[in-house]
Amino acid sequence: MPQLDVNTFLPQVVWLVITFTALFLLMWRVAVPRIADVLEARQRRIEDNLDKAQESKKEAEETLAAYEQAMNEARAGANTHIAEATARMSGEAAEREAELALDLSARITATEDEIAKAVNDAMDNIRVATIEVTAAVLERLTGEAPAEKSVAKAVAKALDSAPKPEGR
(Lines give C-alpha, C1' and ligand atoms only; values in the text may rest on other atoms or scores of the structure.)
Protein backbone atom coordinates (compact mmCIF):
# COMPACT_ATOMS: atom_id res chain seq x y z
CA MET A 1 0.00 0.00 0.00
CA PRO A 2 1.46 3.27 -1.11
CA GLN A 3 -0.20 5.38 1.58
CA LEU A 4 1.76 3.67 4.27
CA ASP A 5 5.07 4.08 2.50
CA VAL A 6 7.14 6.57 4.54
CA ASN A 7 9.03 7.81 1.45
CA THR A 8 5.78 9.17 -0.11
CA PHE A 9 4.47 10.95 2.99
CA LEU A 10 5.76 14.39 2.03
CA PRO A 11 4.30 14.47 -1.49
CA GLN A 12 1.02 13.11 -0.11
CA VAL A 13 0.89 15.89 2.49
CA VAL A 14 1.72 18.53 -0.17
CA TRP A 15 -1.03 17.27 -2.45
CA LEU A 16 -3.34 17.11 0.53
CA VAL A 17 -2.69 20.78 1.33
CA ILE A 18 -3.06 21.82 -2.37
CA THR A 19 -6.31 19.86 -2.77
CA PHE A 20 -7.67 21.07 0.57
CA THR A 21 -6.84 24.69 -0.31
CA ALA A 22 -8.39 24.39 -3.78
CA LEU A 23 -11.56 22.80 -2.38
CA PHE A 24 -11.66 25.32 0.43
CA LEU A 25 -11.38 28.25 -2.00
CA LEU A 26 -13.94 26.69 -4.33
CA MET A 27 -16.37 26.19 -1.43
CA TRP A 28 -15.65 29.62 0.03
CA ARG A 29 -16.02 31.57 -3.23
CA VAL A 30 -18.61 29.55 -5.15
CA ALA A 31 -20.64 26.99 -3.21
CA VAL A 32 -21.15 28.70 0.15
CA PRO A 33 -22.35 32.04 -1.38
CA ARG A 34 -24.83 30.14 -3.55
CA ILE A 35 -26.06 28.19 -0.52
CA ALA A 36 -26.32 31.45 1.44
CA ASP A 37 -28.31 33.06 -1.40
CA VAL A 38 -30.66 30.08 -1.52
CA LEU A 39 -31.12 30.21 2.28
CA GLU A 40 -31.77 33.98 2.18
CA ALA A 41 -34.29 33.58 -0.66
CA ARG A 42 -35.99 30.79 1.27
CA GLN A 43 -36.13 32.94 4.42
CA ARG A 44 -37.64 35.83 2.42
CA ARG A 45 -40.27 33.49 0.93
CA ILE A 46 -41.11 32.18 4.39
CA GLU A 47 -41.46 35.71 5.77
CA ASP A 48 -43.59 36.75 2.79
CA ASN A 49 -45.79 33.69 3.27
CA LEU A 50 -46.13 34.48 6.99
CA ASP A 51 -47.10 38.07 6.15
CA LYS A 52 -49.66 36.83 3.62
CA ALA A 53 -50.98 34.35 6.19
CA GLN A 54 -51.38 37.17 8.74
CA GLU A 55 -53.24 39.28 6.19
CA SER A 56 -55.43 36.32 5.24
CA LYS A 57 -56.13 35.68 8.91
CA LYS A 58 -57.16 39.32 9.40
CA GLU A 59 -59.42 39.16 6.33
CA ALA A 60 -60.94 35.90 7.57
CA GLU A 61 -61.61 37.42 11.01
CA GLU A 62 -63.19 40.50 9.41
CA THR A 63 -65.29 38.29 7.16
CA LEU A 64 -66.33 36.15 10.12
CA ALA A 65 -67.28 39.23 12.12
CA ALA A 66 -69.33 40.55 9.18
CA TYR A 67 -70.97 37.14 8.78
CA GLU A 68 -71.86 36.95 12.47
CA GLN A 69 -73.26 40.48 12.38
CA ALA A 70 -75.33 39.64 9.30
CA MET A 71 -76.59 36.45 10.98
CA ASN A 72 -77.54 38.37 14.13
CA GLU A 73 -79.39 40.96 12.05
CA ALA A 74 -81.13 38.20 10.11
CA ARG A 75 -82.14 36.45 13.34
CA ALA A 76 -83.48 39.70 14.76
CA GLY A 77 -85.43 40.34 11.55
CA ALA A 78 -86.77 36.79 11.54
CA ASN A 79 -87.82 37.08 15.19
CA THR A 80 -89.61 40.35 14.37
CA HIS A 81 -91.40 38.74 11.43
CA ILE A 82 -92.33 35.73 13.55
CA ALA A 83 -93.70 37.98 16.29
CA GLU A 84 -95.71 39.99 13.76
CA ALA A 85 -97.06 36.84 12.11
CA THR A 86 -97.94 35.36 15.48
CA ALA A 87 -99.76 38.52 16.54
CA ARG A 88 -101.61 38.71 13.20
CA MET A 89 -102.59 35.03 13.37
CA SER A 90 -103.73 35.40 16.98
CA GLY A 91 -105.89 38.37 16.00
CA GLU A 92 -107.37 36.48 13.07
CA ALA A 93 -108.02 33.46 15.27
CA ALA A 94 -109.72 35.66 17.88
CA GLU A 95 -111.90 37.25 15.18
CA ARG A 96 -112.85 33.85 13.76
CA GLU A 97 -113.57 32.57 17.26
CA ALA A 98 -115.80 35.55 17.99
CA GLU A 99 -117.63 35.07 14.67
CA LEU A 100 -118.10 31.37 15.40
CA ALA A 101 -119.31 32.14 18.92
CA LEU A 102 -121.90 34.59 17.54
CA ASP A 103 -122.96 32.10 14.87
CA LEU A 104 -123.25 29.29 17.41
CA SER A 105 -125.16 31.53 19.81
CA ALA A 106 -127.61 32.44 17.04
CA ARG A 107 -127.99 28.77 16.09
CA ILE A 108 -128.50 27.75 19.72
CA THR A 109 -131.14 30.45 20.19
CA ALA A 110 -132.92 29.41 16.98
CA THR A 111 -132.76 25.75 17.99
CA GLU A 112 -134.10 26.52 21.48
CA ASP A 113 -136.97 28.47 19.92
CA GLU A 114 -137.72 25.54 17.60
CA ILE A 115 -137.60 23.12 20.54
CA ALA A 116 -139.93 25.35 22.61
CA LYS A 117 -142.35 25.57 19.67
CA ALA A 118 -142.18 21.80 19.20
CA VAL A 119 -142.83 21.26 22.93
CA ASN A 120 -145.81 23.66 22.85
CA ASP A 121 -147.18 21.98 19.72
CA ALA A 122 -146.69 18.57 21.36
CA MET A 123 -148.44 19.78 24.51
CA ASP A 124 -151.32 21.11 22.41
CA ASN A 125 -151.50 17.79 20.57
CA ILE A 126 -151.36 15.93 23.89
CA ARG A 127 -154.13 18.18 25.24
CA VAL A 128 -156.31 17.48 22.19
CA ALA A 129 -155.55 13.76 22.32
CA THR A 130 -156.19 13.68 26.07
CA ILE A 131 -159.55 15.41 25.61
CA GLU A 132 -160.53 12.92 22.91
CA VAL A 133 -159.37 9.89 24.95
CA THR A 134 -161.09 11.17 28.09
CA ALA A 135 -164.32 11.78 26.20
CA ALA A 136 -164.14 8.29 24.69
CA VAL A 137 -163.44 6.66 28.07
CA LEU A 138 -166.31 8.55 29.77
CA GLU A 139 -168.64 7.66 26.96
CA ARG A 140 -167.77 3.99 27.32
CA LEU A 141 -168.01 4.05 31.05
CA THR A 142 -171.24 6.00 31.30
CA GLY A 143 -172.72 5.24 27.95
CA GLU A 144 -173.34 8.93 27.27
CA ALA A 145 -171.17 11.38 25.34
CA PRO A 146 -169.94 14.07 27.74
CA ALA A 147 -169.91 17.77 26.81
CA GLU A 148 -166.70 18.62 25.07
CA LYS A 149 -166.26 21.88 27.04
CA SER A 150 -166.53 20.20 30.41
CA VAL A 151 -164.01 17.53 29.40
CA ALA A 152 -161.63 20.22 28.08
CA LYS A 153 -161.91 22.13 31.39
CA ALA A 154 -161.22 19.00 33.45
CA VAL A 155 -158.20 18.04 31.29
CA ALA A 156 -156.81 21.62 31.42
CA LYS A 157 -157.18 21.64 35.19
CA ALA A 158 -155.42 18.26 35.50
CA LEU A 159 -152.60 19.27 33.17
CA ASP A 160 -152.10 22.62 34.88
CA SER A 161 -151.88 21.03 38.33
CA ALA A 162 -149.45 18.34 37.08
CA PRO A 163 -145.78 18.90 38.09
CA LYS A 164 -143.76 20.65 35.39
CA PRO A 165 -140.55 19.02 34.10
CA GLU A 166 -137.35 20.67 35.31
CA GLY A 167 -135.79 23.33 33.14
CA ARG A 168 -139.10 25.09 32.23
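**Notebook: helix α1 and its surface**

A salt bridge here is a side-chain nitrogen of Lys or Arg within 4 Å of a carboxyl oxygen of Asp or Glu. The model is a predicted one, in which local features need pLDDT of at least 70 and side-chain atom pairs count only at pLDDT 80 or more, while totals for chains, interfaces and linings use all residues. Residues are numbered from 1 along each chain as its sequence is written, and side-chain values use heavy atoms, with hydrogens and water left out.

**Entry 1: the pair.** I noted that the structure holds one salt bridge. Side chains of opposite charge can pair when their charged atoms come close. R107 and D103 both lie in helix α1, four residues apart, about one turn of the helix. Helices are DSSP runs (H or I, at least four residues), numbered from the N terminus. An α-helix has 3.6 residues a turn, so residues three or four places apart point the same way. I recorded R107 as exposed, with a relative accessible area of 53%, and D103 as partly exposed, at 33%. The classes are buried under 20%, exposed over 50% and partly exposed in between (1.4 Å probe, protein chains only).

**Entry 2: the charged patch.** I then found a negative surface patch formed by E47, D48, D51, E55, E59, E61 and E62. Patches are made of residues with over 30% relative accessible area and no salt bridge; like charges are joined within 9 Å, and nonpolar side chains (Val, Leu, Ile, Met, Phe, Trp, Tyr) within 5 Å. Asp and Glu count as negative, and the place of a charge is CG of Asp or CD of Glu. D48 sits in helix α1, which covers residues 9-142, and D48 is partly exposed at 43% relative accessible area.

**Entry 3: the nonpolar patch.** I listed L10, V14, W15 and I18 as a nonpolar surface patch with about 440 Å² of accessible area together. Such areas come from the Shrake-Rupley method with a 1.4 Å probe. I18 belongs to helix α1 and is partly exposed, with a relative accessible area of 42%.

**Entry 4: the course of the helix.** I saw that α1 bends by about 45 degrees at M27. The bend is the angle between axes fitted to the seven residues ending there and the seven starting there. After α1 comes G143, whose phi is positive, near 85 degrees.

**Entry 5: distances.** I checked A135, which lies in helix α1; its C-alpha atom and that of E148, 13 residues apart along the chain, are separated by 7.3 Å.

Note on methods: Helix = DSSP H or I, 4+ residues; strand = E, 2+ residues; numbered from the N terminus.
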